[in-house]
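These are my notebook entries on one structure, kept in the order of the look-ups. The sequence and the model come next.

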Amino acid sequence: MFLPDRMSMAEQDISSKLCSGVFLIEGAKRAALYDTISRNVYSLNQEAAQTVKGETNDPEFWSKLISMQLALA
């Protein structure tokens, strides 16, 4: 398995928006947020994944992530 030693610019941008220990995991059709602190996994549809990646703007969804302590304000 290849593990890059540096995060891409997009990965750095995403990680700066998420709380410490929360990671976006992308699959072929869906994505998930993995909270390594609580060990919870949150399944995301395409639209939600695009919001987390900054490709779309959904303030209501982002507010929900903040309230769940998954994203930064």
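Which residue in β3 does Ala 32 stand opposite? I looked this up and found Ser 43 in β3.

Entry on the source. I note that this is a predicted model, in which local features need pLDDT of at least 70 and side-chain atom pairs count only at pLDDT 80 or more, while totals for chains, interfaces and linings use all residues. Residues are numbered from 1 along each chain as its sequence is written, and side-chain values use heavy atoms, with hydrogens and water left out.

Entry on the strands. I found that strand β2 (residues 31–35) runs antiparallel to β3 and is joined to β3 by 5 bridges. Two strands count as paired if DSSP finds at least two bridges between them. The open sheet holds 3 strands in the order β1-β2-β3, with antiparallel pairing. At its edges I recorded β1 (22–26) and β3 (40–44), each of which pairs on one side only. From one strand to the next, the twist averages 20°, with axes taken as lines fitted to C-alpha atoms and angles running from 0 to 180 degrees between N-to-C directions.

Entry on the chain. I read the pattern α-β-β-β-α-α along the sequence, with 3 helices and 3 strands. Helices (H or I, at least four residues) and strands (E, at least two) are DSSP runs, numbered from the N terminus.

Entry on burial. I noted that 26% of the 73 residues count as buried, that is, under 20% relative accessible area with a 1.4 Å probe, protein chains only.

Notes: Buried < 20%, exposed > 50% of the residue type's maximum accessible area, 1.4 Å probe, protein only.
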